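Please give a briefing on the structure shown below.

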Amino acid sequence: MSARLMTLFVAATLCLLSFKAMAIDVKSAVLRVDYQTLLSISRYDRQQDDFGFAGAALADEDNSTTGSFLGHTYETTTVATTPEEAEAALGEILSSGIKLVVILARTEELLRLTDQAAETGALVFNASNADTTLRNDQCRANLLHIAPSNAMNADAVAQFAMWKRWDDWFLVSGGNPEGQVIADAYRRAATKFGAKIVEDRTFEDTGGSRRSDSGHVLVQKQIPTDTQNADDHDVVIAADGTDFFARYLPYHVWTPRAVMGSAGLRPVTMHGSHEAWGATQYQTRFEALNGRFVKSEDYNVWLALRVVGEAVTRANTAAPEGVRDYALSDAFELAAFKGQKVTFRTWNGQLRQPILLYDGSITVSVSPQEGFLHQRSVLDTLGLDQPESNCTAFN
Amino acid sequence: MRTFATCGAVVALAAGSLLAAPAMAGKAFVSNEKGNTITVLDTETWEVLEEFPGGNRPRGITVSPDGKLLYVCASDDNIVRVFDTETYEEVFTLPSGPDPELFVLHPSGNPLYIANEDDNLVTVTDTETRTILAEVPVGVEPEGMGISADAKFVVNTSETTNMAHFISTEDYEIKHNVLVDQRPRYAQYTADGSRLFVTSEIGGTVTAMDIAEDGSPEVIGKISFEVAGVEPEWLQPVGAKVTSDGKRLFVALGPANRVAVIDAQSLEVLDYILVGQRVWQLSFTPDEKYLLTTNGNSNDITIIDVASEKAIKSVQVGQQPWGVAVIE
């Protein structure tokens, strides 16, 4: 072999090597814990088999299209499990070498699974849990929150109420712990934005079927009487964490007032008719792929995996610590069909994001509302601000 | 059959009139995204002459080199509608692929390069045979379309992939991909083809690239914006135009309701011109005396005097004006 040919050969090999070094095969998983619950009040709220997973399918397509220009591939495994089998299911995911896991679970399981993931250095994205304590005392260094907290959701509703000058609230909350956690978020939001809770009532969950034939007849008799004799109020705020009563409030409350919170005007991250800021394209892609409308949790899973995709694209890493570092860095920003970039709060790993206020058919408004200001980002007027968070895992 | 004959005549007429430009007052055509109409304005008096149906959700808008034909992306009709700029009659339609939003016309008038947001494609459509010549797979949500001075490259920006894709007009292969900031909306070459600007709506920046002789890009800098009293989130660069001498770049800043004036050489932001609400796309009058802006939320256009870099007038048009094209 002549010297010239040799040089060429070496150059070609180097070229190949450098290309190989850039190529990344990104493997992630979505783990969904399914619980035994009573059926939802509305059939529209039934959980589909591909709940959350549908967002992963779209994220894989989107990320793969971008990756095709850069030599990156994306593959997401989806697993549905039960609370009892969740640890084993995650164990299997982790032992297959996957270190990026999106989880949909309640607080107890989410914390247990996050700590289990930490043992292998894996990074977890919370795509469904709104428990504010997870962004506070119970935060974890390897847990990033895509789902907004109860505090963010309540603040989003509260800002809209204040913009409307509906500052006298009738709070109706579920008597169970799930309802009280949300009610506390609204009580906190009232103090934060200067609203007054003029009436505070609880609705006890006495069990029984959520649906019965012609059940509306009873509802129509019960709800007005349950809500009469309340002090003068501008709006009814519903706090229902288990979907057992809030859906019955609109139109049935004694005083003709709008309902917001867990029914009526609800805070969501996405819904199937949101079209502003280019979201129509997102809806079209999602529906073509999954054959149904998007739910908030589908979008949250999509967004979690887009965070991964962005880290891979910009920072050339799919390692959990690399993705985490990039997501929490000043360089990170992501377009999410919300009219402004979304970023992470460095003090508790919560995604900063606008919240859509949805009436069941259209986006009625988007919080933060005009006029609510913050020295860092107006998005930090929603949820736990840095001085309010007791999270130390991110220090 | 009748339609076809009429169209043939129009094309023949268009080709013939390249030699002699008619002496008459100019016209601006504004696509009204929500009103489904095109507003026509006189570019001397700035009076509205006419408002005619533009198909469903008209957005991208441009004119043939001879000024005879008006091309409109009727996004919700999944088609490009072509109108006579004199009679405002629809003369023919062009296949565009689904949801066409923006396009760029070859300087010769053929073909038309169209971004299909839903299908991650750029569609190349022959404006004479009215057939699709090629479909080029690009990144997620293709939007901005620019064409180099020598017409050798079409640049497409993909809003979710966040890249500028440099597509060769010879073989329709992507030759270069450049990562830019979040949600790139518009690509604008200088007239001499030596520089390219790509706006990033959510990133809040404009990426400037120097373009080599062979068309390959090199990022030379990023322009960012700052306006006292305006939240940084609302400084969202969308439409952009550069003067033909390559000296001034104007960038529409969306919900900031301002057009930024930038030294296109040094990339320094010189000024901000207050215009209408949600300023979206821009177009010069052919003599470059005026720059027109479409203001989607105040339903008007603002006329900027290019020499003095001042807004001189706003005119009400249809519902949610999106794009604007001007003929002599």
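**Hairpins and sheets of chain B**

Strand β9 (residues 112–116) of chain B pairs with strand β10 (residues 121–126) of chain B in the antiparallel sense, over 5 bridges. Two strands pair if DSSP finds at least two bridges between them; helices (H or I, at least four residues) and strands (E, at least two) are DSSP runs, numbered from the N terminus. The model is predicted: local features need pLDDT of at least 70, side-chain atom pairs count only at pLDDT 80 or more, and totals for chains, interfaces and linings use all residues. Residues are numbered from 1 along each chain as its sequence is written, while chains are lettered from A and ligands numbered from 1 in the order in which they are written.

- Y113(B) has V124(B) in β10(B) as its bridge partner.
- The hairpin of β9(B) and β10(B) has 4 residues between the strands, and N120(B) takes a positive phi near 55° there.
- β10(B) also pairs in the antiparallel sense with strand β11 (residues 131–137) of chain B, over 6 bridges.
- Within that pairing, T123(B) has E135(B) in β11(B) as its bridge partner.
- The hairpin of β10(B) and β11(B) again has 4 residues between the strands, with R130(B) at a positive phi near 55°.

*Sheet β16-β17-β18-β19*

- In chain B, 4 strands in the order β16-β17-β18-β19 form an open sheet with antiparallel pairing.
- Its edge strands are β16 (184–189) and β19 (217–224) of chain B, each of which pairs on one side only.
- Neighbouring strands of this sheet are turned by 20° against each other on average, direction ignored; axes are lines fitted to C-alpha atoms, for helices over the stretch in contact, and angles run from 0 to 180 degrees between N-to-C directions.
- β16(B) is joined to strand β17 (residues 195–200) of chain B by 5 bridges, and the two run antiparallel.
- Opposite Y189(B) stands L196(B) in β17(B).

*Sheet β20-β21-β22-β23*

- Another open sheet of 4 strands in chain B has the order β20-β21-β22-β23, with antiparallel pairing.
- β20 (240–242) and β23 (269–274) of chain B are at the edges with a single partner strand each, so one side of each is left without a neighbour in the sheet.
- Strand β22 (residues 258–263) of chain B and β23(B) run antiparallel and are joined by 5 bridges.
- A260(B) stands opposite Y272(B) in β23(B).

*β26 and β27*

- Strand β26 (residues 300–305) of chain B and strand β27 (residues 310–316) of chain B run antiparallel, joined by 6 bridges.
- D305(B) stands opposite K310(B) in β27(B).
- These strands, β26(B) and β27(B), form a hairpin with 4 residues between them, and E309(B) in the turn has a positive phi of about 55°.

**Helix packing in chain A**

- Two packed helices are described by the angle between their axes and the distance between the axes.
- Helix α2 (residues 53–67) of chain A packs against helix α8 (residues 279–290) of chain A at an angle of about 110°, with the axes 10 Å apart.
- α2(A) and α8(A) are therefore roughly perpendicular to each other (angles under 35 degrees count as roughly parallel, over 145 as roughly antiparallel, 65 to 115 as roughly perpendicular and the rest as oblique).
- A54(A), A57(A), L58(A) and E61(A) in α2(A) meet R285(A), F286(A), L289(A) and N290(A) in α8(A); two residues are in contact if their C-beta atoms, placed from the backbone, lie within 7 Å.
- The residues of this contact divide into 5 nonpolar, 1 polar and 2 charged (Ala, Val, Leu, Ile, Met, Phe, Trp, Tyr, Cys and Pro count as nonpolar, Asp, Glu, Lys and Arg as charged, and the others, Gly among them, as polar).

**Contact between the chains**

- Chain B has 18 residues in contact with 15 residues of chain A.
- On the side of chain B that touches chain A, the residues divide into 4 nonpolar, 7 polar and 7 charged.

**Backbone geometry**

- Most residues other than glycine have a negative phi, and most peptide bonds are trans.
- The peptide bond from S367(A) to P368(A) is cis, with omega near 10°, and P368(A) is in the segment after β14 (363–367) of chain A.
- The peptide bond from N110(B) to P111(B) is cis, with omega near 0°; P111(B) lies in the loop between β8 (100–105) and β9 of chain B.
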